[in-house]
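The sequence and the coordinates are shown first, and the description follows.

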Amino acid sequence: MAVSLVGIFAFLFGLLPAALRSKAGPRTRQAQLQAVNDASPLGLIYTSLDGDCSYANRTMERMVGLPLSALRSKAWRRCLHPQDRARLLAALASWNAQQDPPYTGICRLRCAEDDFLWVALKVVPVLLAGKAVGYVGSVEDITERRANELALIKSEQRLRLITDNIPALVAYVTVDERVAFANRRYEESYGILHEELVGMLVSEVLGPEVYAQSRDYVRQALSGTPMLFERTVRCDDGVRYERVSYIPDTDPHGAVAGYFGLVEDITALKQVETQLRQLVRVDALTGIANRIQFEERCADAVRYSRRYGTLMALLFLDIDHFKEINDSCGHQGGDDVLREFAERLQACVRDTDTVARLAGDEFVIVLEGLGAAEEAQAVAQKIIVAMERPFDVCGRQRRVTTSIGVAVRQQEEEDAAALLGRADEALYRAKSAGRNTFETNPDSMDVF
């Protein structure tokens, strides 16, 4: 802390016993004061109102590496760093010593030919009878502190550079839910200028809809519990999916001062997951539902039919003499038949019905919401007719037929696998009847 020369004089005289002060002569007192000033860790300098130096303590001399004789008059100004000199002298010239508070500032002093010190300067007027007769300046060496401050600034700049360029939103939120730090990704994601983010409430940044998804997690993080969750954000491009991590900031005593937030855009990941889920449930060759999706749809249809008393039926189909087609036309020809067969099946049913390929040339159709049980037979007959048109197999026309087993869900039936089993039995009967026809499972006859 800067201390003035006059203050040191007063301090010294306050310490001396009254008897000693009365016995000490002027020279003794001057020597005592000089010793105190020279022992001060602060550089001290006295100038006239015109800025002429007439005193500097030993600390000041050591700082600049020059004796008092080289600092007298206005020579002391040469110790100021050239880049700071004009600024400092202009500031002192505009300072009103008798009305303004003591002048304080930071500048550099030359301490060697190519080196300098950072110092904190404080200047106070010396008053006699209320009138300024000169100035006392105290100089504190803050080089180490300044270096630490600059290092901290560079560290913060480096941290800012890193956080601004990582593909995530990074923020620090205080215990009162205000943003104390946010990287520039927030500006891109939420449309708020970076300069305006600091000090805003989290609810203001996120908006009502997103904050409603995050509120409970924010409060749990501020109670000291790390949180990880996902949320959706409506934006101009549709919906953005975010994975959010809140890490509480606690002091050594366990008190929470805020939390660190990391937000990742996982929209692309969600899209890939959706595609993968779709691929797992779709037959790669024909593009229709596969066994996994069929089992899901059939189980759902059975539950719905049972709950609401609606009619549903299951058609089990295969392609007549498909092995012969494969043997004569090769697997490419067989694949062409399977694809065309699936397209014709889809054309024979409603969009709400499910057409699926189980394996090889085995197909199933789930018919829901039937008005009457006879509608399932009508669909089967429609499929038989649709297959009468020749197939184009490897550039040649070929007749392809199908056999179909029909099973209508019984009122007490709850098992989708049992329903499929009855349709399979009906298919076997259709094949035994000579193929290119359909049969209804005997257990379904009472429904018809």
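A polar contact is a pair of N or O atoms within 3.5 Å; within protein, one atom must be able to donate a hydrogen and the other to accept it, and residues adjacent in sequence count only if both atoms are side-chain atoms. The model described here is predicted.

**Thr267 and its surroundings**

By that definition, the side chains of Thr267 and Asp265 are joined by a polar contact of 2.7 Å. Thr267 belongs to helix α10, which covers residues 267-280. Residues under 20% relative accessible area are termed buried; Thr267, at 14%, is therefore buried. Apart from neighbours within four places in sequence, Thr267 is in contact with Val239, Arg240 and Tyr241. Cys107 is 160 residues away from Thr267 along the chain, and the C-alpha atoms of the two are separated by 52 Å.

**The antiparallel sheet**

An open sheet of five strands has antiparallel pairing and the order β7-β6-β10-β9-β8. Its edge strands, β7 (179-182) and β8 (227-235), each pair on one side only. From one strand to the next, the twist averages 25 degrees. Within this sheet, β6 (residues 169-174) and β10 (residues 256-265) are paired in the antiparallel sense over six bridges. Thr174 has Gly258 in β10 as its bridge partner.

Helix α9 (residues 202-222) packs on the sheet and touches β6, β7, β8, β9 (238-250) and β10. The direction of α9 makes about 170 degrees with that of β8. Helix α10, the helix that holds Thr267, lies across β8, β9 and β10 and runs at about 125 degrees to β9.

**The mixed sheet**

Another open sheet of five strands shows mixed pairing, in the order β12-β13-β11-β16-β17. Because β12 (354-359) and β17 (438-440) stand at the edges with a single partner strand each, one side of each is left without a neighbour in the sheet. Neighbouring strands of this sheet are turned by 20 degrees against each other on average, direction ignored. β12 and β13 (residues 362-370) run antiparallel and are joined by five bridges. Ala359 has Glu362 as its bridge partner in β13.

Helix α13 (residues 374-386) packs on this sheet, touching β11 (311-319), β13, β16 (402-408) and β17. Helix α14 (residues 416-432) also packs on the sheet, with β11, β13, β16 and β17 as the strands touched.

| α9 (residues 202-222) | β8 | about 170 degrees |

Leu314 lies in strand β11 and is buried, with a relative accessible area of 0%. Glu412 is 98 residues from Leu314 in sequence and 16 Å from Leu314 in space, C-alpha to C-alpha.

Asp318 is likewise placed in strand β11 and counts as buried, at 10% relative accessibility. A polar contact of 3.0 Å joins the side chain of Asp318 to that of Lys431. With neighbours within four places in sequence left aside, the contacts of Asp318 are Asp361, Glu362, Thr401, Thr402, Ser403, Leu427 and Lys431. Of these, Glu362 is the bridge partner of Ala359.

The largest pocket has a volume of about 410 Å³. Its lining comprises 23 residues, of which Thr47, Trp76, Leu92, Val123 and Tyr135 lie nearest the centre. Two or more lining residues come from each of β1 (43-47), α5 (82-93), β3 (103-112), β4 (115-128) and β5 (131-141).

Two of these elements, β4 and β5, pair in the antiparallel sense over 10 bridges. Lys122 has Ser138 in β5 as its bridge partner. The hairpin of β4 and β5 has two residues between the strands, and Ala129 in this hairpin takes a positive phi near 55 degrees.

How values were computed
Residues numbered from 1 in each chain as written. Predicted model: local features only at pLDDT ≥ 70, side-chain atom pairs only at ≥ 80, totals over all residues. Heavy atoms only, no water. Pairing = 2+ DSSP bridges. Helix = DSSP H or I, 4+ residues; strand = E, 2+ residues; numbered from the N terminus. Axes fitted to C-alpha atoms, helices over the stretch in contact; angles between N-to-C directions. Contact = heavy atoms within 4.5 Å. Buried < 20%, exposed > 50% of the residue type's maximum accessible area, 1.4 Å probe, protein only. 1 Å grid on protein atoms, 1.4 Å probe; cavity = no way out; pocket = protein on both sides within 12 Å on 5 of 7 lines; lining within 4 Å. Points joined across faces, edges and corners; volume = space filled by probe spheres on them.
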